Amino acid sequence: MIQSRLPPPHLHCTNLYSIPSLPTLSPPSFSSSSLSSGLRRCRRLSVRVHEDIHFSINPKPKGLKVSCAVSEPLKVMISGAPASGKGTQCEMIVQKHWFGLVHISTGDLLRAEVSSGSEIGNKAKEYMSTGRLVPDEIVIMMVTARISQEDAKEKGWLLDGFPRTFAQAQSLEKLKIRPDVYIVLDVPDQILIDRCIGRRLDPVTGKIYHLNFFPPENEEIKARLVIRSDDTEEKVKSRLEIYKQNAKAILSTYSTIMNKVDGNHSKDEVFKAIDSLLSKVHEEKENRTKLEKSIRASERISNLASSSQDNWRGIPTRLNNIPHSREIRTYFYDDVLQATQRAVNDGRTRLKVEINIPELNPEMDVYRIGTLMELVRVLALSFADDGKHVKVCIQGSMGEGALAGMPLQLAGTRKILEFMDWGDYGAKGTFINIGSIGSKEVEEQDDLFILVAPQNAVGNCIIDDLKAMTDAAGDRPVILVNARLKDLPGSSGIMQTMGREKRLEYAASFESCYFFRLLYYAGTQYPIMGAIRMSYPYRYELYKRVDESFGKEKYIIVSTFSERPTINEINDTFVGKPRSEVKKATGFWGFLSGIL
């Protein structure tokens, strides 16, 4: 019975195909894990061009016609211990399977090269004639040359029992020779030993027989059969240990595409499982090809659409006009996404996003939490595109008795996330799950956590739950989006004093991967005087808003800073004072709501 589906490229798991009861495989739906990421990416592209409704997603680009060429041929590697039956299965795949894969065996290649007297064959012969192993360089050269031939390019290839070692696998990776699926025949050790001991070689044809499982066709052949020198029980056990060590080392290279097939059955039953697996892989590869072409077509449409509009250059204008247009929201979603992806790809694990434009400031209007949820959705879907399991977390009610409750800005956000449109392709509940903040929410399958606006409430502190969660997450990325972790006073002022230093130290342990804030006159929210922006891994940029003729405006960069600038540094820059001068009054520039 097939227990699980083929994993997507970035999903670390091992599938086990067991026998006997093999159900008929239905064609893979677009909700399968290996296809959902590409479809979600295609959906996001369509959003930018066609979507006009804030919370509704149209996964099908309007007017988009895609012509799909024939997909690339299948590329297969098959591995197994001595006597696992991979040679037999390779013959059956080539003879019976409709893919027409070219069977490539390093033993056959060596013999053919030596017989032909080629340069590679002569080099190999020097080693073989003295009983030495042929170096990896020569074998890799032969395999590469064979794969490069036209029949293998057109029909695909089946690499039999190679690579055998980690070094060989890495050499193939460097040459960008990688299969679509890595099949491992799984057979118990004792069965393998019994198979080897009973094997016999026909010295005339080179064919391998087994006294019990695959006897010779007649007495004449049986009479000339011989026992191979390495088919004794002692040598078989030694070869098994070597195989296991090498297989374990190779696993790190092919773990995401490895599929085990139970080889402890008749050759026909084993082939039935392999046949089903290859059919599934082939269909999914065809669908991925179609998706890639669809994505490229969507990108072309998006580029054509943007060329007919004013392209964004720097910071969008008219940011005090709310609600913001979809173009402005998309600009900031993309800006945040790119910075966050760069930070995660660089191995940063404790990150925070701080973006405070009017549309993303629920403190001014709790109804604006929807825009924040949309930003979170963009981040979650993008990381899910890369095969990551994302947990989106909203803090629950805190405190007890009269102090029980949660910040007003977060009231109902869990329900918003639950009912948001996550697309038609099974993202929510598979690669994306909704949870709360706390150590109990951290599960083994989670790869990344996005925490939505975690904040303290009067008399209650979220820090303890937050710290427990990050401790449980270990080295997995935790991203805070618009967190507010400053202390809020309780009725007795206890929250401001007890443990405050450690709380602030913990809050400061999160590294900014994105920061954007508008600058106003102190105590006002109009007009906008400028903005500060930082996108990982670059410097903080200070912009000044400049009015132009006919009601137009633009933002010009006036300075950059290695660290977040203070109010005084902003004032000095705007009035043209050199940074070396002594700072005097704090001036009249300020941030929103006394953030600094």
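## A first look at the cores and charged pairs

The largest nonpolar core here has 52 residues, and L319, F332, V392, I432 and F516 have the most contacts inside it. Helix α13 (residues 369–385) gives this core its largest share, 11 residues. The model is predicted, so local features need pLDDT of at least 70 and side-chain atom pairs pLDDT 80 or more, while totals for chains, interfaces and linings use all residues. Residues are numbered from 1 along each chain as its sequence is written, and side-chain values use heavy atoms, with hydrogens and water left out.

**Terms for the cores**
- A nonpolar core is a set of buried Ala, Val, Leu, Ile, Met, Phe, Trp, Tyr and Cys residues joined through side-chain atoms within 4.5 Å.
- Buried means under 20% relative accessible area, exposed over 50%, and partly exposed in between (1.4 Å probe, protein chains only).
- Helices (H or I, at least four residues) and strands (E, at least two) are DSSP runs, numbered from the N terminus.

- V392 is in contact (heavy atoms within 4.5 Å) with residues including V376, A380, L417 and I432, leaving aside neighbours within four places in sequence.
- A second, separate core has 27 residues, among them I104, A124, F162 and V184.

**T340 in helix α12**
- T340 sits in helix α12 (residues 326–345) and is buried, at 0% relative accessibility.
- Its side chain reaches the backbone oxygen of V336 at 2.8 Å.
- Not counting residues up to four places away in sequence, T340 touches V353, L379, F383, I479 and C513.

**Salt bridges**
- The structure holds 25 salt bridges, each a side-chain nitrogen of Lys or Arg within 4 Å of a carboxyl oxygen of Asp or Glu.
- D160 pairs with K86, the closest N and O atoms being 3.6 Å apart.
- D160 lies in strand β4 and K86 in helix α2 (residues 86–96), so this pair ties together parts that are 74 residues apart in sequence.
- K244 and D189 meet at 2.3 Å, N to O.
- K244 is in helix α10 and D189 in helix α8 (residues 189–197), so they link parts that are 55 residues apart in sequence.
- K244 is partly exposed, at 36% relative accessibility, and D189 is partly exposed too, at 32%.
- E374 and R377 form a salt bridge at 3.4 Å, N to O; E374 is buried at 2% relative accessibility, and R377 is buried at 4%.
- Shared partners join R326, R329, E374 and R377 into one salt-bridge network.

How values were computed. Polar contact = N/O pair within 3.5 Å; in protein donor to acceptor, adjacent residues only side chain to side chain.
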